Amino acid sequence: MPATLLALGAIALWSLLAALAVGLRSVPPYLLLGLSLTGAALIAAPTWRRWRVPLPTLALGVYGLFGFHLLLFLALRRAPAVEANLINYLWPLLIVLLAPLVLRGLRPTARHVTAALLGFAGAALVITGGRWTLSIAHWDGYVLALGSALIWSTYSLLTRRVPPFPTAAVGLFCLVSGTLALGAHAALEPRYVPSAREWLLIGALALGPMGAAFFLWDAALKRGDARAIGALSFLTPLASTLLLIATGLGRFSWTTAIAAALIVGGAVLGSRR
């Protein structure tokens with residue numbers, strides 16, 4: 001399957017995250033992360049024979065999946081959600097900017113940088129609605145959000161630098177990361193027992209945005225140009241917002257339309273050969 005379709009599959013699944021999260025607002029974040037990732041590992045369990053990877057590769061996988069979410073959750077506790085999410089969404093831009101430094105044979109091009117900047121401008125509009133302010137009082141949250149963006153972008157690129165490993169091994173990354181998240185829940189959060197409805201939503205999360213999406217993302221990065229995939233990634237907040245609007249959980253505005261034009265334009269520009 002072409003890398004672009006694999007990346008779009010991951011983006012489509014990630015766009016479901018906000019809608020599912022609405023019904024899971026009461027679940028402590030580390031518990032939610034732990035249950036989702038371990039659930040994804042259980043779903044991928046039939047491929048366990050292909051999970052054997054060198055320890056440095058496993059460390060990279062945990063760095064990406066657990067490290068990214070750990071810093072993002074901490075950022076959301078220390079800074080307003082809009083600003084934290086906006087800074088976190090620097091990761092597609094960082095993929096484009098860092099790809100020539102991390103991956104051999106890639107050169108920085110004005111086309112890819114322009115596409116990423118257009119995408120980030122659109123993401124900024126769709127996330128903030130055109131209204132946001134950065135306050136020095138939340139500097140620690142902003143730093144953590146930037147750290148989460150740096151982790152996901154470098155993880156995505158470094159998977160191309162380690163010895164080749166099967167995409168199925170992402171199941172092991174999920175298992176170890178989920179176990180660490182459950183440990184963080186036990187140490188830092190109050191005990192919580194999800195309701196039957198929440199268990200169903202957690203199952204959907206494990207199957208899609210916190211499960212299959214990671215496998216599709218890994219496969220896309222293995223097969224495609226990281227710079228083009230990074231530009232496509234800005235479709236995630238747009239698709240998420242449009243889904244919220246379609247389900248009655250969000251409202252359409254001209255800001256959304258302008259953001260859509262910027263993001264789609266950037267994605268098309270970045271994907272051209």
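This is a predicted model: local features need pLDDT of at least 70, side-chain atom pairs count only at pLDDT 80 or more; totals for chains, interfaces and linings use all residues.
The largest share comes from helix 4, with 6 residues. The volume of the largest pocket is about 1,600 Å³. Its lining comprises 45 residues, and those nearest the centre are Leu 17, Ala 18, Ala 21, Asn 85 and Ser 240. Sorted by class, 28 of the lining residues are nonpolar, 13 are polar and 4 are charged.

Aromatic side chains were examined next. The count of aromatic pairs in the model comes to 12. Residues count as buried under 20% relative accessible area. Trp 91, at 4% relative accessibility, is therefore buried, and Trp 217 is buried as well, with a relative accessible area of 1%.

A second pair is formed by Trp 152 and Tyr 155, whose ring centres are 5.0 Å apart; the planes stand at 40°, so the pair is classed as tilted. These two residues both lie in helix 8 (residues 139-158), where a spacing of 3 residues separates them by about one helical turn. Both Trp 152 and Tyr 155 are buried. Ring pairs join Trp 14, Phe 68, Tyr 89, Trp 91, Trp 152, Tyr 155, Phe 214 and Trp 217 into a cluster.

An aromatic ring also takes part in an arrangement with a charged group. The charged end of Lys 222 is placed over the ring of Phe 165, at 3.6 Å from the ring centre.

Ala 41 was considered separately. This residue is part of helix 3 and is buried, its relative accessible area being 2%. Leaving aside residues up to four places away in sequence, Ala 41 touches Trp 51, Gly 171, Cys 174 and Leu 175. The C-alpha atom of Ala 41 is separated by 9.6 Å from that of Leu 207, a residue 166 residues apart from Ala 41 along the chain.

Note on methods
Residues are numbered from 1 along each chain as its sequence is written. Side-chain values use heavy atoms; hydrogens and water are left out. On a 1 Å grid over the protein atoms alone, a cavity is a set of points where a 1.4 Å probe fits but cannot get out, and a pocket is an open set with protein on both sides within 12 Å along at least five of seven lines; lining residues have an atom within 4 Å of a point. Grid points are joined across faces, edges and corners, and a volume is the space filled by probe spheres set on the points. Helices (H or I, at least four residues) and strands (E, at least two) are DSSP runs, numbered from the N terminus. Ala, Val, Leu, Ile, Met, Phe, Trp, Tyr, Cys and Pro count as nonpolar, Asp, Glu, Lys and Arg as charged, and the others, Gly among them, as polar. Rings of Phe, Tyr and Trp (its six-membered ring) pair if their centres lie within 6.5 Å; planes under 30 degrees apart count as stacked, over 60 as edge-to-face and the rest as tilted. Buried means under 20% relative accessible area, exposed over 50%, partly exposed in between (1.4 Å probe, protein chains only). A charge sits over a ring if NZ of Lys or CZ of Arg is within 6 Å of the ring centre and within 35 degrees of the ring normal. Contact means heavy atoms within 4.5 Å.
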